[in-house]
Amino acid sequence: MAWAQESTDPAAMSSPWSGSGGELGFASAHGNSSTESFNGRLRLRYADGDWIHSGDLFGLRSSAEYTETADDGTTTRSRQTTANRYTVSAGSALQLGEHRQLTATVRHESDDFATYDRQSSFGLGYGTRLIDTERLNLDAQIGPGVRRTHEAETDETRTGLIGRGLFDLKFSMTENTDLVNTLLIESGSYNTFAQNDFGVSVNMNAHFALKAGWQARHNSDVTDDRRKTDTLTTMNVVYTFK
């Protein structure tokens, strides 16, 4: 979940709601083989006095259709899901002063193709701004939490304490081009989960932008048939309301 930053734009301050209202990407290929891929994201932020509430919803789904040939030479077309993941998170932050906050966050993830097909976490933390210049901002949150996971292969559910860190960087390259990077780390006794989201966004007008993104996700404790790191590259259209 991205760091909630207080806007200084007078147009944005006229409404308590803000955020990148929608982010959408879709790819489809047809011919000898057929593949379809969809990813979408919704981010919302609501300011109420000294409180800032935020939400983040992400979904990824892809499938492929292929031809199977039987021993007698007959062929059939089959479709298989190759990715099915969604993440929902929410948080509240109490402003203690300029760029200082006490935070509470919850996150739930479901992934049909991961060792941990379900992960849920809750964390408390302290947030502050580490770098604050005209073009570069770096915010951080750190604190304790608790995580509950379900392992698909063994049907085992485990609960344990974690340390949670969130680092959010934004660099304004030009007036209409921003570079953003968000790193989330949840580390416990049996697994360290880390997710890094990097993106370059180019504004087309006040509300629409094109965004190229690269995501890397890492779990330190996985089964032998799974890779520890997954990556996702996207090219999306983003709608922002102010």
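Colleague: In which strand is leucine 44 found?

Modeller: This is a predicted model, in which local features need pLDDT of at least 70, side-chain atom pairs count only at pLDDT 80 or more, and totals for chains, interfaces and linings use all residues. Residues are numbered from 1 along each chain as its sequence is written, and side-chain values use heavy atoms, with hydrogens and water left out. Strands here are DSSP runs (E, at least two residues), and helices are H or I runs of at least four, numbered from the N terminus. On that basis leucine 44 belongs to strand S2.

Colleague: Is leucine 44 buried, partly exposed or exposed?

Modeller: Buried means under 20% relative accessible area and exposed over 50%, with partly exposed in between (1.4 Å probe, protein chains only). Because its relative accessibility is 33%, leucine 44 counts as partly exposed.

Colleague: How many strands does the chain have?

Modeller: Along the sequence, the pattern is α-β-β-β-β-β-β-β-β-β-β-β-β. The secondary structure therefore comes to one helix and, as asked, strands numbering 12.

Colleague: How far apart in sequence are the parts that arginine 217 and glutamate 109 tie together?

Modeller: Arginine 217 forms a salt bridge (a side-chain nitrogen of Lys or Arg within 4 Å of a carboxyl oxygen of Asp or Glu) with glutamate 109, the closest N and O atoms being 2.7 Å apart. Since arginine 217 lies in strand S11 (residues 208–219) and glutamate 109 in strand S5 (residues 100–111), the parts tied together are apart in sequence by 108 residues.

Colleague: What is the relative accessible area of glutamate 109?

Modeller: Arginine 217 is buried, with a relative accessible area of 4%. Glutamate 109 is likewise buried, and its relative accessible area is 2%.

Colleague: Which residues are linked with Glu109 and Arg217 in a network of salt bridges?

Modeller: The structure holds 15 salt bridges. The network links Glu109 and Arg217 with Arg85, Arg107, Asp111 and Glu186.
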